[in-house]
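Please keep the sequence and the model in view while reading the points below.

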Amino acid sequence: MEDTEMALANSAPLSEHIIRQIHEHGPISFHDYMETCLYHPQMGYYTSSPDIIGEKGDFYTSATLSPVFGVMIAKQLEEMWVHMGSPAFTIVEYGAGTGELCKSILNHLKNNERMYKELRYCIIEKSPVMCDQEAKHLSEKVEWYNSIQEIKEVNGCILSNELVDNFAVHRVVMQQELMEVYVNHKNGFAETLLPANPALKNYLSELNIDLPRGYCTEINLEALDWMAEIASALNSGYVLTIDYGFQNSEVYKASKSQGTLLCYHQHAINDSPYEHIGEQDMTCHINFSALAHWGAKDGLATCGLTNQGYFLMSFGFREHLVKSLAEEKDVLRAAAQVAAISHTLLLDMGSKYKVLIQQKGVKPEKLSGLAYCI
């Protein structure tokens, strides 16, 4: 990859901050660039605006499209609770976004009086803006934390929906040796390559991946740190991770030789991370093989991997969706909603998004959501 000149960013305050850092300290890794764009305390994408999800934002999540999505997850949580012997149960949700998923889960679990009585719902949220957004319609049973280490003895389920794809990633390219992408500034942002550090090389070695010359990809080391953190905090129970991505066999196909980094701005997709700085989302597909591999090393046994469509259908998603719209007076409108939401969550997002369930300290039991593993 030769140095590539790119236009100055549109978002001046944050871009000026990044440019100043580069001029003072030299090129920064793409990982540090992405981290700043998304999570700078005052100007980052996730920390500066509450309106990034939904019709007025840049993207939708499954939970914002229908509360039935949360009901299906709640049904899986109930089954986990039963498998664990019906104890006091803690749900830890990372990055709750608008809080819609939490709200849907709790509304369903209220019907299970025994479980609900001893239920804790803990949200870990690094964005004060999103915390305020969530708190507007969440109160009962919900607690907020900065870190899972603040929560004593987690017995239950650690849940995330579209979280890991927003961890800052390292971008690498194989030349004579593995090189990492750094960001410089010369009359515009420019990418340059420096030798990759041992942690990046070890990542590929652990997964038995030998990249061909010229192959570019992303490495999500933060996901491995996160996996170690939650495995350590979980005393007994499950980890339920929903996100879009692939296993090794798909991640490193020739068709993905330029990586999977994408940006979302006003519901449009682009591949220009040096534009709309601090004003657009940046994401990468998840390597579920890596989550399973390092999870096992940290004490999390893999229960199974399925896609979102199979998971939802296992709990009767469409039937619940029809029932949820039964009071809609306009029958044709209700039917259209059922068709549109079903297509999106079962087929479109349903095939792209995966559901990984891992466990620790519980007896192996068959989980309904994994009835159709992939």
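**The largest cavity and its surroundings**

Twenty residues, given as 20 in the count, line the largest cavity, and those nearest its centre are Tyr203, Glu218, His285, Ile286 and Asn287. The model is a predicted one.

**Cavities**

- The structure contains two cavities of 30 Å³ or more.
- The space within the largest cavity comes to about 190 Å³.
- Sorted by class, the lining of the largest cavity consists of twelve nonpolar, six polar and two charged residues.

**Aromatic pairs**

- There are 13 aromatic pairs in the structure.
- One of them joins Phe30 and Tyr33; the ring centres are 5.8 Å apart and the planes stand at 40°, so this pair is tilted.
- Phe30 and Tyr33 both belong to helix α2 (residues 30-39), and because they are three residues apart there, about one helical turn separates them.
- Phe30 and Tyr33 are both buried.
- Tyr244 and Tyr353 form an edge-to-face aromatic pair, with 5.3 Å from centre to centre and 65° between the planes.
- This pair connects distant parts of the chain, as Tyr244 lies in strand β11 (residues 234-246) and Tyr353 in strand β17 (residues 353-360), 109 residues apart.
- Tyr244 is buried, and Tyr353 is buried as well.
- One aromatic cluster is made up of Phe30, Tyr33, Phe189 and Tyr274.

**Charges over rings**

- Phe30, a member of that cluster, also has the charged end of Arg171 over its ring, 4.8 Å from the ring centre.
- Lys141 lies over the face of Tyr116, and its distance from the ring centre is 5.1 Å.

**Strand β17 and its partners**

- Strand β17, which holds Tyr353, is mostly covered, with seven of its eight residues buried.
- Strands β11 and β17 run antiparallel and are joined by eight bridges.
- Within this pairing, Ile242 has Val355 of β17 as its bridge partner.
- Strand β16 (residues 301-307) also pairs with β17 in the antiparallel sense, over six bridges.
- Here Asn307 has Lys354 of β17 as its bridge partner.
- In a regular strand, side chains alternate between the two faces of the sheet.

**A buried glutamate**

- Glu180 is found in strand β8 (residues 178-185).
- The relative accessibility of Glu180 is 2%, and it therefore counts as buried, the cut-off being under 20%.
- Glu180 and Leu109 are 71 residues apart along the chain, and their C-alpha atoms are separated by 46 Å.

Methods:
Residues numbered from 1 in each chain as written. Predicted model: local features only at pLDDT ≥ 70, side-chain atom pairs only at ≥ 80, totals over all residues. Heavy atoms only, no water. Phe/Tyr/Trp six-rings, centres within 6.5 Å; stacked < 30°, edge-to-face > 60°. Helix = DSSP H or I, 4+ residues; strand = E, 2+ residues; numbered from the N terminus. Buried < 20%, exposed > 50% of the residue type's maximum accessible area, 1.4 Å probe, protein only. Lys NZ or Arg CZ within 6 Å of the ring centre and 35° of its normal. 1 Å grid on protein atoms, 1.4 Å probe; cavity = no way out; pocket = protein on both sides within 12 Å on 5 of 7 lines; lining within 4 Å. Points joined across faces, edges and corners; volume = space filled by probe spheres on them. Nonpolar A, V, L, I, M, F, W, Y, C, P; charged D, E, K, R; others polar. Pairing = 2+ DSSP bridges.
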